[in-house]
Amino acid sequence: MPLFWRISLFNSVVLIAATALLLGPVTVSTPVLLTEAAILTAGLVVILVANVLLLRVGLGPLRRLAHAMTTTDLLRPRVRPKADGDGEIAALITTFNTMLDRLEAERAQSAARTLSAQESERHRVAQELYDEVGQTLAAVLLDLKRVADQAPDEVREQLAQVQETTRASLDEIRRIARRLLPGVLEELGLTSALRSLSDEFTGPSLTVRHDIAGGLPALGDNADLVLYRVAQEGLTNAARHSGGRLVRLTLERAGDAVELRVRDDGRGFDGSGEDAEGAGIRGMRERALLIGADLVVGPARGGGTEVRLTVPVGDRVAAPTG
């Protein structure tokens, strides 16, 4: 029976019972006797309690639905509210769950197209850096060497400094191009790519130690790229924002999944206030959704921040990521 009719029927029963009592043998003296006042008070309490219990039970699913509406995040899928209750309430919850399924599917498709476009643009920019800027700087470096060999001694030292600056710029451009286009990932696989990535971020102010298990199951190109990009973003955030000195990158088997962890010893992150998630973390969540993985970003035990990506082994969402 619909909620409206249940509440109406209950209130009708209460009013009919009260009217029957007034028309029956029950009387109220003037002034009111203590026993009569006690009976009326008890009856009123029973009516109020019954109404509260009925409304609480009947409207409970609506409260849970309202909570789900205010806390739902399409980047953090969670258990859907149970379609309990009767009639319109169950239909409303079912409709809400169906709407969430559709929105998540549409967002996943949109994110897949966006990330695919990003990877294509990264590929184009990296190729231009390699082919255009890199080759131009390499030619400039050769010309500087030729001029330095023929230059007088008083300007040769200055030309040597210009050569070093040009060589450093060329190395930086190659490093940026490698980050944009992880060729080692395509050529040597995920394990070698993560080791190379760890070495790139290791420097005077930051040490990156990697622990990559052997014999991991094949996850597919999409999952490998997502794991690489999440590790890259995690290391970038640690280097730029954590203020830490040590980062540990771990890739290992965890039950029926492969788990990537990037943990630093910096100031920590709780995802609220000044630490609210930015575009980088939301990008990681979108990538995780594309392959049906679970991403957790938060404080690590003992301090610091941990990025944990759990990729199930088996069927995943086969969305293009580049």
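This is a predicted model: local features need pLDDT of at least 70, side-chain atom pairs count only at pLDDT 80 or more; totals for chains, interfaces and linings use all residues.
**Entry 1: α3 and α8**

I began with the crossing of α3 past α8, which is left-handed (the near helix is turned anticlockwise from the far one by less than a right angle; clockwise would be right-handed). I number residues from 1 along each chain as its sequence is written, and side-chain values use heavy atoms, with hydrogens and water left out.

I took helices (H or I, at least four residues) and strands (E, at least two) as DSSP runs, numbered from the N terminus. The axes of α3 and α8 come within 10 Å and cross at roughly 110 degrees; axes are lines fitted to C-alpha atoms, for helices over the stretch in contact, and angles run from 0 to 180 degrees between N-to-C directions. The two helices are therefore roughly perpendicular (65 to 115 degrees; under 35 is roughly parallel, over 145 roughly antiparallel, and the rest oblique).

I then listed the contact, meaning heavy atoms within 4.5 Å. From α3, Arg107, Ala108, Ala111, Ala112, Leu115, Gln118 and Glu119 meet Arg282, Glu286, Arg287 and Leu290 of α8. By class I find 5 nonpolar, 1 polar and 5 charged residues in the contact of α3 with α8. Here Ala, Val, Leu, Ile, Met, Phe, Trp, Tyr, Cys and Pro count as nonpolar, Asp, Glu, Lys and Arg as charged, and the others, Gly among them, as polar.

**Entry 2: α3 and α4**

I next looked up α3 (residues 88-150) against α4 (residues 153-180), which pack at about 165 degrees with their axes 9 Å apart. They are therefore roughly antiparallel to each other, and α3 passes α4 in a left-handed crossing. Their contact holds 19 nonpolar, 4 polar and 8 charged residues.

**Entry 3: the sheet**

I traced an open sheet of 5 strands in the order β1-β2-β3-β5-β4, with mixed pairing; two strands pair if DSSP finds at least two bridges between them.

I followed the antiparallel pairs in turn. Strands β2 (residues 246-254) and β3 (residues 257-264) are joined by 8 bridges, and Val247 stands opposite Asp264 in β3. Between β3 and β5 there are 7 bridges, with Arg308 in β5 as the bridge partner of Arg261. Strands β4 and β5 pair over 6 bridges, where Gly298 stands opposite Glu306 in β5. The β4-β5 hairpin has 5 residues between its strands, and Gly302 in the turn has a positive phi of about 85 degrees.

**Entry 4: helices on the sheet**

I noted that α8 (residues 279-290) lies across β4 and β5, running at about 155 degrees to β4. The axes of α7 and α8 come within 10 Å and cross at roughly 165 degrees, so α7 is roughly antiparallel to α8. The crossing of α7 past α8 is left-handed. The contact includes Val226, Arg229 and Val230 of α7 and Ile281, Met284 and Arg287 of α8. I count 5 nonpolar, 3 polar and 3 charged residues in the contact of α7 with α8.
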